[in-house]
Each structure stands twice: as C-alpha cells, then as structure tokens.
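I opened this entry to keep a record of what I looked up, beginning with the chain as a whole and then turning to the pairing of strands.

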Amino acid sequence: MYDVVIVGCGPAGSTAANLLAQAGKDVLVLEREHFPRFHIGESLLPIDLPLFARLGLEMGAGAYHFKQGAEFWDERTGDFAFFSFADAMSGTPPNAWQVDRAAFDHMLASQAQARGAQLRFGVTVRELRSDAEAVTVITDEGGGAEHRGRYLLDATGQDAWLARRARSVSPIRELGRAAVFTHFEGLSAEVRAEIEPQGNIKVLLVEDGWHWLIPLIGGRLSVGLVKWRGKLDDAALDAAIAASPLIQRLTVGARRGPTRSIANWSYKNTQQAGPRWACVGDSAAFLDPVFSSGVSLAMLGAEKAVELLLPALTAGQEADPRLMAPWAAHMQPAYDTFEQLIRRFYHTRLVHHLFFAAEPDPALRRGLISVLAGDVWRRDNPFQTMLESSRLQAKRVAGPGESEA
C-alpha cells in the first residue's frame with residue numbers, strides 16, 4: 001500500500017513525486033516510456049524558478065539555455081517587439097530557461113528518485129479499480145501486476161489517461177489544434193553569437209497561426225508551426241520555413257532533423273478529480289503553447305495538489321471527493337488568463353495594438369510581461385484585470401471570405 005501512486009513521470013508527475021517524497025510519503029511513479037526520451041515544450045517561464053529551487057534543481061552549469069524574454073515578429077508587416085522579463089512588474093522573476101526536454105524531464109525524474117520516490121519505467125497501466133480503502137492500478141508487468149495506493153494522481157500529459165477513459169475531454173475551439181516541428185543543428189558561429197546571449201524565444205506571426213524559434217544548447221534551434229485552422233502537415237512546415245527570411249537566415253548551412261507532429265491540442269478535462277484521485281498537468285487541461293504556459297501550469301498545479309493532499313493523508317481524509325476543489329479554484333484564473341490572451345492573439349488585433357504599439361501604456365506593458373512570465377496569481381496586474389473584464393467582448397478577426405462578427 002503506497003500513500004500515492006502517480007501515473008506519468010513528466011514535469012507534473014515528477015514534481016508531485018518529489019514534494020510528496022520530501023514530506024516522507026511512500027510514492028510510486030509508473031511511466032510508460034524509458035527516460036531520457038524526446039518531448040516538445042522546450043521554452044519555460046520565470047514563474048518556475050522558486051519551485052525549481054524547492055525541488056533542488058540546478059538549472060545553470062551550461063546544461064540549459066538562459067532565456068531573457070520573448071520576441072514577436074510579423075515579417076508580413078515588418079513589426080517587431082521584444083519583451084524582457086526583467087521589465088515585468090515588481091516581484092516577477094527576471095529570467096527563464098530554454099531546455100532540451102529529454103534532459104530536463106530526466107533530471108526532474110532523477111531528482112524525485114533521489115528524494116525517495118520509487119520510479120518504474122517501461123510500465124503501461126491497463127486498468128483502474130477503486131474501493132473504500134484504496135485505488136488499484138493494474139499494469140502490464142508480468143502479465144498483470146497490481147499496485148495499491150491511498151490516492152492516485154494522473155500525470156499522463158496529453159494522453160490524459162483518466163479523461164479519455166471517462167470520455168471527459170472537451171476540445172477548446174479556435175485555439176491551436178496541432179503543431180509540426182523540427183530541429184536544426186550546427187548553426188553558424190555568426191548566428192549563435194546573435195541569438196545565444198539573450199536566448200529569447202522568437203514567435204513569428206503567420207496566417208492563422210505562428211512559428212516558434214527556440215535556441216537550445218549546442219548550437220541547435222527548435223522550429224515549429226502551430227495553426228488553429230487550415231492544413232498542417234510536413235509540407236506546410238516546409239512552405240512556412242521557405243517563406244520566412246528570418247528562419248532562412250538563421251538556419252543557413254545548418255542540418256535539419258526529422259519532422260514531427262502533435263495533434264489534439266487545446267482541451268480541458270471536465271472531470272479533473274474525484275474520490276481518491278486527481279488529474280494534474282496536461283491531463284487536466286492543455287492550452288495552445290504560444291505563450292509557453294504548459295510546463296509551468298503543470299508543475300505549479302502539481303505543487304498545489306500536493307499542498308492539499310499532504311494534510312488529507314495525515315488526517316485520513318484523502319477519500320473526500322471535494323478534496324481538490326481548492327486546487328480547481330486556484331488553477332482556474334491561470335487557465336482563464338492564458339486562454340483569454342491566446343484567443344486575443346488569434347482573433348483580435350491585440351498583438352498589433354499592444355505588442356507592436358509604438359508607445360504602449362507602460363503599466364499595461366509591465367502587466368503583459370508579467371503574464372508572459374507566468375506570474376498570473378497576483379491581483380494587482382492591470383493587464384490581467386483588463387483581460388478578465390473584457391473576456392466576453394473578444395471579437396474574432398474574420399478569415400478570408402468571412403465578414404466580421
């Protein structure tokens with residue numbers, strides 16, 4: 001009998017395992033993959049830094065790329081904007097990191113194991129049973145091993161194991177629906193000297209979507225394309241790369257890796273918790289990654305879930321079906337803020353009116369940068385207040401052949 005069984009060893013699962021083990025709980029983590037393994041989502045946010053310290057993570061020492069801020073480009077109009085996290089509201093951490101997710105997730109898992117969590121890789125969970133005393137997961141180990149725990153955390157990411165089992169995945173319409181991406185290696189010395197000191201993510205606006213350009217350690221560049229409508233495949237990425245003078249210049253002479261794709265983005269799980277179980281990270285919700293919120297919301301959400309779970313385990317109240325209600329109340333403003341910002345990114349003129357404004361309102365600009373940094377749980381941000389107060393008035397920009405509505 002474990003205190004907690006966690007399915008999934010990505011950022012949310014490893015964070016929960018680390019914090020639970022630090023508190024002296026018996027934790028078992030079951031992960032289908034063998035680490036290190038490739039994963040996308042390489043750009044992190046400053047709001048993660050205090051949690052990284054709590055988890056005992058060492059982010060310097062050359063393993064990951066310093067990230068000063070974010071750049072937004074529209075090559076169709078010549079517009080450009082740079083937002084340094086150091087220019088955010090007081091209290092917002094001043095920098096972030098770009099990471100190779102294979103190495104980063106492996107480090108998170110190893111740190112959880114070092115704190116006392118038990119990790120098993122290459123294990124697929126097949127079934128779930130629950131009774132008055134515990135939850136039981138049945139795996140493919142030895143033809144069907146059983147593991148019992150007082151509580152279960154689903155941290156299976158976009159596989160959303162419990163949500164898809166319960167058919168509680170609800171798509172979020174008109175946000176990014178898929179991504180296609182690749183890596184370039186062997187960037188020229190001139191390009192590295194240009195992009196590496198700041199390490200910024202570059203977001204390039206294109207029709208019905210955007211590109212990401214993320215510098216990684218070792219002279220590499222992650223390049224992806226996300227769209228909320230229209231065809232998205234290998235050919236679409238090839239065409240978009242060929243049409244971008246910036247990407248062409250940065251990748252000249254570099255070696256291109258294989259093209260990969262991910263679909264079924266932008267959804268929420270309408271059943272995020274119940275008696276003796278909860279979903280954390282992407283298994284609870286996933287938004288379009290344009291503002292790099294995924295890893296941060298996953299890890300900080302796992303931290304909040306553990307904060308609620310620890311006293312419940314001590315008091316023997318972990319079966320309370322409403323145990324995670326404060327977690328949902330805590331996470332909702334963060335999900336709402338990013339969803340509203342993403343909707344305006346796609347469907348209003350916000351980017352050109354504020355991001356690319358020649359003389360933006362200083363308070364709104366600082367507030368915008370704090371949101372871009374993931375600092376979305378404060379109540380003194382005028383930009384966030386503006387998003388909340390106007391959320392029902394967002395006006396979608398008409399597409400070709402459509403009228404404004």
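The notes below go from overall dimensions to individual bridge partners.

**Entry on the whole chain.** I note at the outset that this is a predicted model. I looked up the secondary structure of the protein chain and found 12 helices and 21 strands. I then checked the radius of gyration, which is 21 Å and close to the 22 Å that the globule rule gives for 405 residues, so the chain is as compact as a globular protein of that length. Along the principal axes, I read that the C-alpha atoms fill a box of roughly 60 × 45 × 40 Å.

I looked up how much of the chain is covered, and buried residues account for 56% of the 405. Among the contacts with a separation of 6 or more, I found that 73% are between residues 24 or more positions apart. For the accessible surface I noted about 16,600 Å², with 50% of this area belonging to carbon and sulfur atoms. I also took down the charged side chains, 42 positive and 47 negative, and the centres of the two sets lie 3 Å apart.

**Entry on the three-stranded sheet.** I traced an open sheet of 3 strands, which runs in the order E11-E18-E21 with antiparallel pairing. Strand E11 (169–171) and strand E21 (285–286) each have a single partner strand and stand at the edges, so one side of each is left without a neighbour in the sheet. Looking at E11 and strand E18 (residues 267–269), I found an antiparallel pairing over 3 bridges, and within E18 I identified Lys268 as the bridge partner of Ser170.

**Entry on strand E12.** Which strands are joined to E12 by bridges running antiparallel? I found that strand E15 (residues 220–227) is joined to E12 by 8 bridges, strand E17 (residues 260–263) by 4 bridges, and strand E16 (residues 255–256) by 2 bridges. I then asked how many residues of strand E12 (residues 178–185) are buried. The count is 7 of its 8 residues, and I therefore put E12 down as mostly covered, with buried taken as under 20% relative accessible area.

Definitions and conventions
Residues are numbered from 1 along each chain as its sequence is written. This is a predicted model: local features need pLDDT of at least 70, side-chain atom pairs count only at pLDDT 80 or more; totals for chains, interfaces and linings use all residues. Side-chain values use heavy atoms; hydrogens and water are left out. The radius of gyration is taken over C-alpha atoms; the globule rule is 2.2 Å times the number of residues to the power 0.38. Buried means under 20% relative accessible area, exposed over 50%, partly exposed in between (1.4 Å probe, protein chains only). Contact means heavy atoms within 4.5 Å. Accessible areas come from the Shrake-Rupley method with a 1.4 Å probe; for residues, only the protein chains shown count as cover. Lys and Arg count as positive and Asp and Glu as negative; His and the chain ends are not counted. The place of a charge is taken as NZ of Lys, CZ of Arg, CG of Asp or CD of Glu. Two strands pair if DSSP finds at least two bridges between them.
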